[in-house]
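Please examine the sequence and the model displayed below.

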Amino acid sequence: MKVALIGNQNSGKTTLFNLLTGHNQKIGNWPGVTIERKEGRIRSTDFDIIDLPGIYSLSPYTIEEEISRKYLFEDNVDLILNIIDSTNLERSLYLTTQLLELDIPVIVALNMSDIALQRGIDIDYKYLEEKLDTTMIPISALKKTGVFDLIQVIKSQAYRKNNYTHIYDHELEDCLKKIESEIKHDHERYIAVKLIENDPDFEEFHQNGSKKIVETLCMTYNRDMEQIIADERYRYIENIRDESIKSSKQNMTVTDKLDRIFLNRFLAIPIFILIMFSVYYLAAGPVGSATVNFVIKYMDIFSLWMSQRLDVWGASAWSKSLVVDGIFAGVGAILSFLPQLAILFLLISFLETTGYMSRIAFFLDKVFQKVGLSGKSLIPFIIGSGCSIPAIMSARTIHDETEKKMTILLTPFVPCSAKLPIIVLFAGYFFGDYSGLVSVSLYFFAVIVIILSALIMKTILFKGKTTSFILELPNYKLPNYRYIFKDVFDKVFAFVKQAGSIIVIASIAVWFLLNFSFRLEYGIESSASMLAGIGKLFSWIFYPFLGTFSWEATVSAIQGLVAKEQIVASMAIIAGNSEQVNDGIFIFNSAAFSFFTPASAYAFMVFNLFSAPCFGAIGAMRRELGTTKRMWKAVFFQTGIAWLMATLVYQFLHIFEVVL
């Protein structure tokens with residue numbers, strides 16, 4: 001048996017899916033798109049359940065709606081489980097009325113029924129069930145109440161079979177029945193409605209008779225028929241809403257009160273700055289730095305132990321150097337930042353689950369509209385704080401090609417988790433107690449550069465209007481700690497996995513290039529190594545913002561194309577000591593990197609913040625932009641901006657260094 005779970009965004013659909021399936025889930029993408037597809041098996045049954053994307057209707061205005069409609073229409077679904085928000089019946093039932101027109105049984109799970117009661121919304125579920133002639137079960141996915149009853153109803157298949165109730169006026173109903181009689185399909189009612197709405201996707205079902213009926217209706221109503229159908233739905237929904245809700249207190253909710261503060265026209269931006277400052281201060285400032293020392297202590301012990309073991313086992317000098325100075329130095333330098341990344345993931349996840357992130361998107365939407373983007377671009381930007389690859393791929397949901405291209409070009413500017421080790425290393429060493437402030441300054445620097453770049457592109461390259469953006473503001477709610485834990489664990493695991501694969505390979509490559517000459521001689525001076533030879537070829541490019549020709553910093557920065565984390569790993573390997581490779585003091589006191597000053601350190605961070613992303617993200621840009629030529633244009637654009645910004649920053653800050 002195949003069950004489709006469907007509902008509005010923020011209706012608690014994912015929480016219910018997790019409760020129904022436990023950990024028996026498969027994650028993938030819908031064919032042809034990167035929108036997540038989750039499948040699982042309902043506990044204590046052999047029923048498969050598919051979590052469809054959150055939508056508001058079955059009209060294919062978005063990719064999510066197109067996916068959901070196609071799936072319900074073509075994939076032989078046995079049961080639809082429609083989750084709706086009890087605190088907002090009118091909005092939620094619009095989708096329900098469309099689902100009931102399909103010839104598929106529907107169970108409606110009225111989620112947040114406890115919150116509705118707290119707000120004085122007393123819903124007569126039995127009345128609602130009778131009026132819609134479908135099974136209604138009140139639940140609270142967050143508090144896990146009613147879910148067992150829901151599973152039992154699904155398992156026993158003791159639900160109504162949907163003898164659909166008429167919701168349109170008599171003239172429309174008569175016409176629908178006539179059109180239905182001409183259609184040979186499992187979903188005649190749904191198709192008949194679509195034909196009256198003049199939906200081009202259903203044109204193939206038109207017969208001569210149905211065409212004449214629709215033409216007559218258009219002349220009779222003299223309005224857009226899709227709008228007529230929508231009005232009829234809402235009229236019906238308003239009637240049953242008024243009759244099913246027995247009492248209602250018009251109290252101001254907690255969400256209303258909080259939004260008066262967080263969306264206040266004067267307070268919203270300062271509060272946003274304060275919150276983001278707190279996030280970066282906790283993750284990259286003194287709090288996060290304290291965790292680094294803890295990790296370094298045990299990594300030093302392990303590195304020393306491994307070095308001694310290799311001596312006991314009679315390892316050769318070069319193999320010991322490879323393991324300790326190459327692999328341990330590179331991977332260890334990255335893993336020492338893991339606690340800080342976990343803190344960042346935790347705080348961002350907390351903001352997402354409480355509903356605050358949606359408020360950020362809401363009030364930044366107006367700013368983005370003015371520079372040629374829309375609020376839709378904010379979704380990739382928010383995802384980009386974790387990783388640029390899924391962020392770039394999520395831009396696929398933007399329909400407007402101009403906005404989509406601009407978003408793909410600008411998304412890598414968002415400080416992703418891979419850039420955090422660079423920021424923490426440099427900010428912690430050169431700015432001490434102000435490391436948190438410096439870290440958050442880079443975040444807002446990125447926001448400013450994104451806005452300015454978008455404005456320039458809109459003025460010169462991409463002229464035109466932006467698309468509209470509809471965003472639902474969910475109620476504020478206490479965070480779901482299970483979700484947060486899983487989200488943080490998944491991100492930390494992905495980071496460790498990257499450190500255990502790409503970073504290991506890249507670290508071995510750096511060690512090899514650093515310890516061998518072009519004649520493959522081992523044990524040479526690092527300045528005579530292959531790595532130095534490569535770095536010296538390109539060091540002139542970095543001179544304007546480093547203030548010196550440094551092949552060490554040059555090769556480290558270039559490796560950011562492999563993975564941004566590799567920059568720190570490479571610096572640790574080049575610094576060349578196996579026992580304290582994770583320590584910023586060691587790295588910047590080494591001959592290779594002692595030239596750095598606060599000005600060049602900040603400029604180096606700026607360059608790596610804006611330069612072309614890693615190979616994975618560049619590959620994602622290639623797929624989304626469509627051609628290799630566009631991809632290279634994006635890479636040169638991003639690196640050009642990075643070089644320009646870093647040079648300007650260094651020249652400006654260097655003046656203060658000279659004067660002071």
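What volume does the largest cavity have? In this predicted model, the volume of the largest cavity is about 260 Å³. Its lining comprises 18 residues, and those closest to the centre are Leu364, Phe381, Ile382, Tyr443 and Val447. Two or more lining residues come from each of helix 12 (268-284), helix 16 (356-370), helix 17 (378-383) and helix 21. Helix 21 provides the largest share, with five residues. By class, the lining of the largest cavity consists of 17 nonpolar residues and one polar residue, with no charged residue. In total, the structure holds two cavities of 30 Å³ or more.

Attention now turns to open space. The second largest pocket contains about 460 Å³. Of its 20 lining residues, Phe542, Ile558, Leu561, Phe607 and Thr639 are the closest to the centre. Helix 24 (530-546), helix 25 (551-558) and helix 30 (628-659) each contribute at least two residues to this lining, and the largest share, six residues, belongs to helix 30. The lining of the second largest pocket divides into 15 nonpolar, four polar and one charged residues.

The next topic is the nonpolar packing. The largest nonpolar core has 121 residues, among which Phe426, Phe596, Phe604 and Phe610 touch the most other members. Helix 21, spanning residues 435-460, gives the most to this core, namely 11 residues; helix 21 is also the source of the largest share of the lining of the largest cavity.

Which residues is phenylalanine 426 in contact with, leaving aside its neighbours within four places in sequence? Its contacts are Phe431, Met571, Phe588, Phe596, Ala601, Phe604 and Met605. Two of these partners, Phe596 and Phe604, are named with Phe426 among the core residues that touch the most other members.

Finally, helix 15 may be considered on its own. It covers residues 338-354, 17 residues in number, and extends 24 Å from its first C-alpha to its last, close to the 24 Å expected at 1.5 Å a residue. The buried residues of helix 15 are Leu338, Gln340, Leu341, Leu344, Phe345, Leu347, Ile348, Ser349, Leu351, Thr353 and Thr354. Just after helix 15, glycine 355 adopts a positive phi of about 100 degrees.

Key: Residues are numbered from 1 along each chain as its sequence is written. This is a predicted model: local features need pLDDT of at least 70, side-chain atom pairs count only at pLDDT 80 or more; totals for chains, interfaces and linings use all residues. Side-chain values use heavy atoms; hydrogens and water are left out. On a 1 Å grid over the protein atoms alone, a cavity is a set of points where a 1.4 Å probe fits but cannot get out, and a pocket is an open set with protein on both sides within 12 Å along at least five of seven lines; lining residues have an atom within 4 Å of a point. Grid points are joined across faces, edges and corners, and a volume is the space filled by probe spheres set on the points. Helices (H or I, at least four residues) and strands (E, at least two) are DSSP runs, numbered from the N terminus. Ala, Val, Leu, Ile, Met, Phe, Trp, Tyr, Cys and Pro count as nonpolar, Asp, Glu, Lys and Arg as charged, and the others, Gly among them, as polar. A nonpolar core is a set of buried Ala, Val, Leu, Ile, Met, Phe, Trp, Tyr and Cys residues joined through side-chain atoms within 4.5 Å. Buried means under 20% relative accessible area, exposed over 50%, partly exposed in between (1.4 Å probe, protein chains only). Contact means heavy atoms within 4.5 Å. The expected span of a helix is 1.5 Å times one less than its number of residues.
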